[in-house]
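Have the sequence and the 3D view at hand.

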Amino acid sequence: MNVDELFQKAGVPSKRKLDPIRDPNQIYKSVKLSSNGSRHAQVEDEDDTEAGPAPPPENGEDDGDYGPSAPPVEDDGDDEEGRFFGGGITAQEKEILDFMDSNTAAPADDLLTTDKIDLSWLKKTALNFEKRITRNAELRARHEDDPSKFIESESDLDASIKALSILSEHPELYADFARLGCVSSLVSLLAHENTDIAIDAIEIINELTDEDVATSDEQFSSLTDALLEADLLGLLVSNFSRLDEQQEADRTGVYHALSIIENLCSRRETADQIGKHTELLEWLLSRAKKSESPTVSQNKQYAAEILAILVQSSPANRRRLASDELNAVDTLLTLIAPYRRRDPERGSFEEEYMENLFECLTCLVDEPLGKTKFVEAEGVELCLLILSSADIKGKLSKPACLRLLDHAASFSSEVSLKIVEAGGLKTLFTLFMAGDKSSDSHTKKKNKAKATTISKQDTEHLLGVFSSMLRHLPAATTGTTTSEDLTSSTGGAERIRLLAKFVEKDYAKTSKLIRLRREYAARVAQVDEAIKAEDMDEDEAFSRRLDAGLFCLQTIDVILAWLIAEDTGCRAKIRELLKDRDEDFGVLAKTLREQMEGVDGETEEGRDTGEMLKALLEFLE
């Protein structure tokens with residue numbers, strides 16, 4: 001006997017609308033003895049008289065048999081849970097209960113879904129999915145003014161969408177899922193009149209594209225290509241505009257939509273394609289700068305994070321965001337300005353938000369257009385204000401700001417000049433000498449009063465700025481300069497002011513460079529010894545040396561080489577300091593030669609760097 005026959009015999013119209021079968025215990029309790037003492041069971045629906053077995057006689061005799069008669073004993077006895085089926089229950093009702101008990105592990109909706117998850121299953125599922133989309137669309141069109149006519153079809157469609165979640169466990173079916181047209185149909189539901197349906201579709205797409213799904217590149221590409229071809233990005237943007245983030249469900253929908261974009265950016269080609277969608281970039285910038293109080297929401301932080309991911313993944317995206325059309329550099333500088341005087345709460349969404357804003361700017365200024373926009377928007381001045389602030393608050397933004405300035409000054413004479421013109425030398429060298437043991441007593445008191453601290457990472461970025469300025473500021477004269485030249489006001493004034501900083505106070509900054517060099521050289525030498533003792537491949541060895549500070553050692557030696565080449569006083573001082581450890585200019589030359597070997601001569605920047613190192617080597621040999 002099948003399930004339909006059982007329900008039909010029980011007088012139940014449909015298994016989806018099955019009314020609860022009466023509990024045998026309730027039936028037992030509703031039995032009432034007749035007035036003549038007979039024990040025929042009788043159910044009374046409207047009588048409120050207390051039901052149950054007759055009480056024992058008042059005279060205390062206990063030899064009688066009281067209560068309803070026991071049901072006939074059956075061969076199979078009670079079921080596993082000790083339930084009995086007497087007390088008025090019919091054979092048909094008992095059969096239904098037995099059937100339901102035997103299928104407690106398989107809900108009614110799952111009775112027919114025991115097929116293997118393969119192509120055959122996918123085809124059946126796809127057909128059912130398309131039918132429910134079509135049915136819902138037809139009923140909506142036919143009964144536009146009467147939602148009760150199509151609400152059931154909408155519920156069925158909702159169930160079909162959620163049922164697709166299992167595909168995330170079978171990425172081998174992604175290509176067939178796209179080939180059958182289901183991807184296009186799923187994406188089309190983002191335009192559904194019911195935003196709940198659209199959000200369901202967004203959530204499923206997010207699950208299918210999640211980075212935790214164990215897909216191959218080919219499987220992931222087949223899915224993402226179909227999604228983008230179906231105009232997923234355009235429909236996501238349209239949903240951003242119609243979803244109300246004041247409502248929790250809509251706010252969750254926006255979060256999942258942003259998560260889809262992040263998932264798609266895992267492929268550089270897809271990230272480039274996303275970056276071409278101007279409306280999406282505009283919305284991300286708009287959402288990142290949307291005013292919120294009292295704290296930054298998760299979606300606002302996420303919008304800033306997506307921007308950071310896009311600019312990290314593609315130079316083309318950086319150029320698009322830096323363009324006049326989007327003007328992202330100016331927008332982002334405006335958003336970081338408040339952090340000059342206050343810190344976000346640690347561990348909050350706002351802290352991540354601030355970090356993502358700085359990350360975006362740092363990537364944007366790596367492009368020539370970004371550097372130009374940075375100078376035009378007075379980014380250099382803002383960075384110097386943040387770095388010069390003596391407030392206890394605002395410290396969280398300073399390391400990110402210094403990193404930003406380092407990237408902006410790299411390969412840019414424009415930024416280097418602006419740093420000097422904006423009075424940045426004092427700010428930068430004050431940071432460089434913060435906490436230095438050799439500073440005079442006045443400087444020590446001043447530094448202590450400001451409670452200024454600087455990390456090794458901050459020191460590395462300062463060195464990067466100094467190196468960039470020495471490389472790109474216009475030359476003061478042709479040939480070697482003297483200490484007297486540093487006070488002259490003739491050509492290359494900005495460069496002269498920079499060189500003067502390394503000369504003042506008895507070459508205090510130059511002396512610190514030598515001390516830093518010794519620290520980094522010792523670390524690298526220690527790693528070199530470990531490399532010799534271990535069987536290590538070239539890439540791993542180079543990585544270990546970088547971790548020990550090889551890049552900083554090379555940067556310091558480039559700065560020292562510039563000072564030796566341009567100032568006779570610095571040249572003599574550096575020679576003297578190196579001699580304390582029985583060293584000479586040869587140790588600097590060795591580092592520069594090693595650096596030359598690693599330069600990429602195929603790029604313009606690489607060729608320029610190689611020529612610079614070659615020229616500096618001539619002054620060291």
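In which helix is the place of Ser-467? Ser-467 sits in helix H24, residues 456-472; helices here are DSSP runs (H or I, at least four residues) numbered from the N terminus. Please keep in mind that this is a predicted model, where local features need pLDDT of at least 70, side-chain atom pairs count only at pLDDT 80 or more, and totals for chains, interfaces and linings use all residues. Residues are numbered from 1 along each chain as its sequence is written, and side-chain values use heavy atoms, with hydrogens and water left out.

Ser-467 is buried because its relative accessible area is 16%, and buried means under 20%, exposed over 50% and partly exposed in between (1.4 Å probe, protein chains only). Leaving aside residues up to four places away in sequence, Ser-467 touches Thr-555, Val-558 and Ile-559, where contact means heavy atoms within 4.5 Å.

Now turn to Leu-546, which lies in helix H26, residues 538-548. With a relative accessible area of 37%, Leu-546 counts as partly exposed. From Leu-546 to Val-524 is 22 residues in sequence and 8.2 Å in space, C-alpha to C-alpha.

Our last stop is a pair of helices. The axes of H20 (residues 397-409) and H21 (residues 413-421) come within 7 Å and cross at roughly 130°; axes are lines fitted to C-alpha atoms, for helices over the stretch in contact, and angles run from 0 to 180 degrees between N-to-C directions. Leu-405, Ala-408 and Ala-409 of H20 make the contact with Val-415, Ser-416 and Ile-419 of H21.

Conventions. Helices (H or I, at least four residues) and strands (E, at least two) are DSSP runs, numbered from the N terminus.
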